[in-house]
Amino acid sequence: MCSRPAARGLKRRCWWRIKSPSARSRWAWPASADTTSDAPIGINESLRHVLLAANRGRGLGDKLKALRKVRPAMLFKPLLPRNGEPRTGLSMGEHCEEMAGRWQIKRLAQDELTLTSHQRLDAAYARGFSTT
């Protein structure tokens, strides 16, 4: 028996177990197009809004009406991958530098913490506690 809630029909509940994760992500594609894509690029925001509007359309007419707003420029301006958090634009390392400066953490203290952390992970792995 499937592990999905019983409030949903058996067909829908078992569909999630039968389908592969990639099939499930394709099924949910329009609502989360920028996160489930197999391509290493995102889509620009205006195209994303058009696709979401098409997904929300009730009938074929509503979907086609929304898709008429797609312009060629939307298709040829992908978002290139970048190493940065979307809200701040900073990478993980830049966030660390900012935090270390704010809290006045010296480089030597950071290196000591890193070494201790790696030694503990190595010991845990040797004991069989961690497999990552």
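The side chains of Arg87 and Glu85 meet in a salt bridge with an N to O distance of 3.0 Å, a salt bridge being a side-chain nitrogen of Lys or Arg within 4 Å of a carboxyl oxygen of Asp or Glu. By this rule the count comes to three salt bridges. This is a predicted model, in which local features need pLDDT of at least 70, side-chain atom pairs count only at pLDDT 80 or more, and totals for chains, interfaces and linings use all residues. Residues are numbered from 1 along each chain as its sequence is written, and side-chain values use heavy atoms, with hydrogens and water left out.

**Arg87 and Glu85**
- Arg87 counts as exposed at 76% relative accessibility, and Glu85 as partly exposed at 23% (buried is under 20% relative accessible area, exposed over 50%, partly exposed in between, with a 1.4 Å probe and protein chains only).

**Salt bridges within helices**
- Glu98 and Arg102 form a salt bridge at 3.0 Å, N to O; both lie in helix H6, four residues apart, about one turn of the helix.
- Helices (H or I, at least four residues) and strands (E, at least two) are DSSP runs, numbered from the N terminus.
- Glu98 is partly exposed at 40%, whereas Arg102 is exposed at 57%.
- Asp111 and Arg107 form a salt bridge, their closest N and O atoms being 3.3 Å apart.
- Asp111 and Arg107 are separated by about one helical turn because they are four residues apart in helix H7.

**Gln104**
- Gln104, found in the loop between helix H6 (92–103) and helix H7 (107–127), has a positive phi of about 55° although it is not a glycine.
- Most residues other than glycine have a negative phi.
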